[in-house]
Amino acid sequence: MRRAAIYCRISQDRAGAGLGVARQEADCRALTERRGWQVADVYSDNDVSAYSGSPRPAWRRLLEDIDAGTVDAIVCWHVDRLTRSPRELEDVIDLADRRGIELATVTGEIDLATPTGRLIARMLGAAARHEAEHKAERQKRQRRQNAEAGKVSGGGMRPYGYAEDRLTVIEEEAEVIREAARRILAGESLSSVCKDFEQRDVKTPSGRHWIPTTLRRLLASARISGRREHTPRSTFQTTRPLLGEIVADAVWPAIIDPVDSDRLRALLSDPARDYRRQAATGRIYLLSGILRCGRCGHRMNGRPRQGVPRYVCPNVPGSGSCGGIATNTARTDDHIRDMLLTALDSPALAERIRHQGGDDDNLAEAVRADEELLEELAQAWATREITRREWMAARAPIELRLDKNRAQLAGLSRTSPLIPFIGTAQDMLTRWEAMNVSQRRAIVAAVIRTITVATANPRKKWDPDRFTIGWIA
Ligand SMILES: [Zn+2]
């Protein structure tokens, strides 16, 4: 009795056929029985991206078993379930020759032992491939058209903040998005916000806790600002890029302002902010990187000595730092906090902060224009209108300007959350005490550029005059 391997594959390339694995298997079992064969094993692959070349573990196992001689026949629903390319079909034909494998398909008899059977198999395979390619092209055009019309894109889990129809705002979730946006724009880290959400049991649409990468995607999406983003699918990319192209105003309502959305997109795509690292380590030291060594000008970092946290000028050979200055973390943090809250209580500083960042709309526009320019250049290179060298040369000044504008935009974004605090030092102190280090850093970074620490006076145990604060004007 022939030992038949049933091979099933689920994929997207046969729309409307409803060919779930269960249905394929049931049909194949019935066919195996009719042929008087015995089912050796069932092999099924989940392969939603047809022709993508993604690995098919069950398919590999099947080829191995055929080679090992434990299988004499393959039963599948249609040739296009079995092979995804003419090359794979030739492999099967080779195997059929060498091992005398029989092939039976639910949709019709194919005898791989005869030239006519092979011709039919090849024709069926080619037709399926053509259909899939044609459909992929059609879908690609359709996706682009839908995007430009601002329509919803379907598939997958509903986006956070919107109901299943992807149009209706869920107010409770919208409030969470606005809060997260506010906090990230204030310079708080993604992991800090995620930890807080976990404590409050705020969950994603799939019922999981927020992690930095999912929150980052949510906040960087133009969707939450009522704008439609489009990312052309590329076979070279395995993960979707963070920022797609904004192609239209969407048909659904905005949850956050487009200006805030642009700031978030600038902030969260800024390579200088390594969120992954920040998420992993968390921040313990309030002023690390903000303090500067008064002797060599190097950034001072947090480093405990004998269990006591300190800020030190790192003593790293070759880094240009002198390693000659250190200060106690707790006393420094308290001192800077007092200076900061006092400063925020001053009407003059308050006035300056209020008048910062009037140009951010223009900046966001400039960033967008430069991003488009880079995209155009890349396309010009891809279509061979310009050489690689010309491309690189043209890119450099644009990237420089883009980096500068992005940094400035990110800097502006940090100031706005301070405004409600200004002029209420007492209230501020209460709030300060309730904040975590990441939130406090956001406040510090909004008003202080650097703090220079002078050499310690050996006669004084604690000397507040060592600290020179560089306020952001
Ligand atoms: Zn130093």
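Cysteine 313 counts as buried, at 3% relative accessibility; buried means under 20% relative accessible area, exposed over 50%, and partly exposed in between, with a 1.4 Å probe and protein chains only. The structure is a predicted model, in which local features need pLDDT of at least 70 and side-chain atom pairs count only at pLDDT 80 or more, while totals for chains, interfaces and linings use all residues. Residues are numbered from 1 along each chain as its sequence is written, and side-chain values use heavy atoms, with hydrogens and water left out.

Cysteine 313 is one of the protein donors of a zinc ion; the donors are Cys293 (SG), Cys296 (SG), Cys313 (SG) and Cys322 (SG), at 2.2 to 2.4 Å from the ion. Donors are N, O and S atoms within 2.8 Å of the metal (3.2 Å for Na, K and Ca), and sites may look incomplete because water is not among the atoms. Along the chain, the donors of the zinc ion are spaced as C-x2-C-x16-C-x8-C. Cysteine 296 lies in the loop between strand 8 (291–293) and strand 9 (301–302), and cysteine 313 in the loop between strand 10 (310–312) and strand 11 (326–328), so the pair ties together parts that are 17 residues apart in sequence. Helices (H or I, at least four residues) and strands (E, at least two) are DSSP runs, numbered from the N terminus. At 31% relative accessibility, cysteine 296 counts as partly exposed. The arrangement of the four donor atoms is tetrahedral because they subtend angles of 97 to 114 degrees around the zinc ion; four donors count as tetrahedral if all angles lie between 85 and 135 degrees. The ideal angle for four tetrahedral donors at a metal is 109.5 degrees.

Three strands form an open sheet in the order 9-10-11, with antiparallel pairing. Two strands pair if DSSP finds at least two bridges between them. Strand 9 and strand 11 stand at the edges, each with a single partner strand, so one side of each is left without a neighbour in the sheet. Strand 10 and strand 11 are joined in the antiparallel sense by three bridges, and tyrosine 311 stands opposite threonine 327 in strand 11. Helix 11 (residues 329–344) packs on this sheet, where it touches strand 10 and strand 11, and its direction makes about 75 degrees with that of strand 11. Contact means heavy atoms within 4.5 Å; axes are lines fitted to C-alpha atoms, for helices over the stretch in contact, and angles run from 0 to 180 degrees between N-to-C directions. Helix 11 contains aspartate 333, which is buried with a relative accessible area of 16%. Leaving aside residues up to four places away in sequence, aspartate 333 touches Leu286, Leu287 and Tyr311.

A further open sheet has five strands in the order 2-1-3-4-5, with mixed pairing. Strand 2 (38–46) and strand 5 stand at its edges, each with a single partner strand, so one side of each lacks a neighbour in the sheet. Strand 3 (residues 73–76) and strand 4 (residues 102–105) run parallel and are joined by four bridges. In strand 4, alanine 104 is the bridge partner of valine 75, and threonine 105 stands opposite cysteine 76. Helix 1 (residues 21–34) lies across strand 1 (3–10), strand 2, strand 3 and strand 4, at about 160 degrees to strand 1. Helix 2 (residues 57–68) also packs on the sheet, touching strand 1, strand 2 and strand 3, and its direction makes about 150 degrees with that of strand 2.

Strand 4 pairs with strand 5 (residues 108–109) in the antiparallel sense over two bridges, and a hairpin joins these strands through two residues. Threonine 107 lies in the loop between strand 4 and strand 5 and is partly exposed, with a relative accessible area of 43%. Residues touched by threonine 107 are Trp77 and His78, not counting residues up to four places away in sequence.

The largest nonpolar core has 28 residues, of which Ile177, Ile184, Phe197, Trp210, Leu215, Leu219 and Leu264 touch the most other members. A nonpolar core is a set of buried Ala, Val, Leu, Ile, Met, Phe, Trp, Tyr and Cys residues joined through side-chain atoms within 4.5 Å. Helix 6 (171–185), helix 7 (190–199), helix 8 (212–220) and helix 9 (258–268) each supply at least two residues of this core, and helix 6 gives the most, with seven residues. A second, separate core of 25 residues includes Leu286, Cys313, Ile325 and Trp432.

Methods:
Four donors count as tetrahedral if all angles lie between 85 and 135 degrees; four count as square planar and six as octahedral if opposite donors are over 155 degrees apart and all others between 65 and 115; anything else is irregular.
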